[in-house]
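Welcome, and please open your viewer. This tour goes from stop to stop, with something to select at each one.

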Amino acid sequence: MTDPDFLLPLAKPLADPVPAGDLRTLERKARDCRNCPLWRPATQTVFGDGPADALAMLIGEQPGNQEDIAGAPFVGPSGQLLDRALQEAGLERERLYLTNTVKHFKFEQRGKARLHKRANAAEQEACRMWLAAEMLQLRPKVVVALGAMAAQTVFGRQFRVTRERGRWQALPGQARGLASWHPSAVLRMPDERREAGFRELVEDLGRVAEAVGAGGKTAT
Ligand code: SF4
């Protein structure tokens, strides 16, 4: 059953009906999604990954080149940086649900290279139903938005990661969420800023680790 209150974290009401089914069913249905043009040049849909009883839901922006090839989120360079940050923060990746705001890789072909392109507003809007469906299945108590695209989808268009990074936001259903840097943004930071950016990501994930508790229970 769709619970509109629970979908309020998705910042505004959805235009499309929320697909039904457990995570495995949703993943199967999303393979055939044609709700925006991004499916056509991409290799495959990159759906979320993680257990249905995950301690927290981490939402990134969109798959990159390696995610598109592997069919799994956060496996490329930004995934490796995220893994390091999770480890330093004391979070086990296997106990989290990792997904993206948009489920297909968007790119521009330059010779043999496929250069990442940001999904536009219409594409983000078209894909929101999948994030909503994942959220309805998981009903996470803790949501982590990595990067501006995810943060604005969850907390609203006015939200600025630069201003409000690492601060807990109340969400419906007694859930809460915070935003942090997307790992790819950390990778793009100038050399002299990158280590500090990484430390900030670890610090924010540390807050998440504390919230979900060392024993795996959500702290109240
Ligand atoms: S990006 Fe999202 S909405 Fe667009 S085709 Fe892929 S799964 Fe469907």
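Predicted model: local features only at pLDDT ≥ 70, side-chain atom pairs only at ≥ 80, totals over all residues.

Start by selecting the ligand and the residues around it: C33, N35, C36, W39, V102, K103, H104, A126, C127 and W130.

Residues are numbered from 1 along each chain as its sequence is written, and side-chain values use heavy atoms, with hydrogens and water left out.

Are C33 and C36 buried or exposed? C33 counts as buried because its relative accessibility is 15%, and C36 counts as buried at 16%. Buried means under 20% relative accessible area, exposed means over 50%, and partly exposed is in between (1.4 Å probe, protein chains only). How many disulfides are there? The count is zero, where a disulfide is a pair of cysteine sulfur atoms within 2.5 Å.

Next, look at the empty space.

Rolling a probe the size of a water molecule over the atoms shows where empty space is left. On a 1 Å grid over the protein atoms alone, a cavity is a set of points where a 1.4 Å probe fits but cannot get out; a pocket is an open set with protein on both sides within 12 Å along at least five of seven lines; lining residues have an atom within 4 Å of a point. Grid points are joined across faces, edges and corners, and a volume is the space filled by probe spheres set on the points.

The whole structure has one cavity of 30 Å³ or more. The largest cavity holds about 100 Å³ of space, and the ligand takes up this space, as more than half of a molecule's atoms must lie within 2 Å of the grid points for it to sit there. Select C33, C36, H104, C127 and W130, which lie nearest the cavity's centre among its 14 lining residues. Helix α4 (residues 121–138) gives the most to this lining, with three residues. Helices (H or I, at least four residues) and strands (E, at least two) are DSSP runs, numbered from the N terminus.

Move on to the largest pocket, with about 530 Å³ of space. Of its 28 lining residues, S78, H116, H182, S184 and R188 are closest to the centre. Which helix gives the most to this lining? That is α7, with four residues. By class, the pocket lining has twelve nonpolar, eleven polar and five charged residues.

Last, visit two loops. Most residues other than glycine have a negative phi. F74, in the loop between α2 and α3, has a positive phi of about 55°, and F74 counts as buried at 4% relative accessibility. R139, in the loop between α4 and β5 (142–146), also has a positive phi, near 45°, but R139 counts as partly exposed at 37%.

How values were computed:
Near = heavy atom within 4 Å. Nonpolar A, V, L, I, M, F, W, Y, C, P; charged D, E, K, R; others polar.
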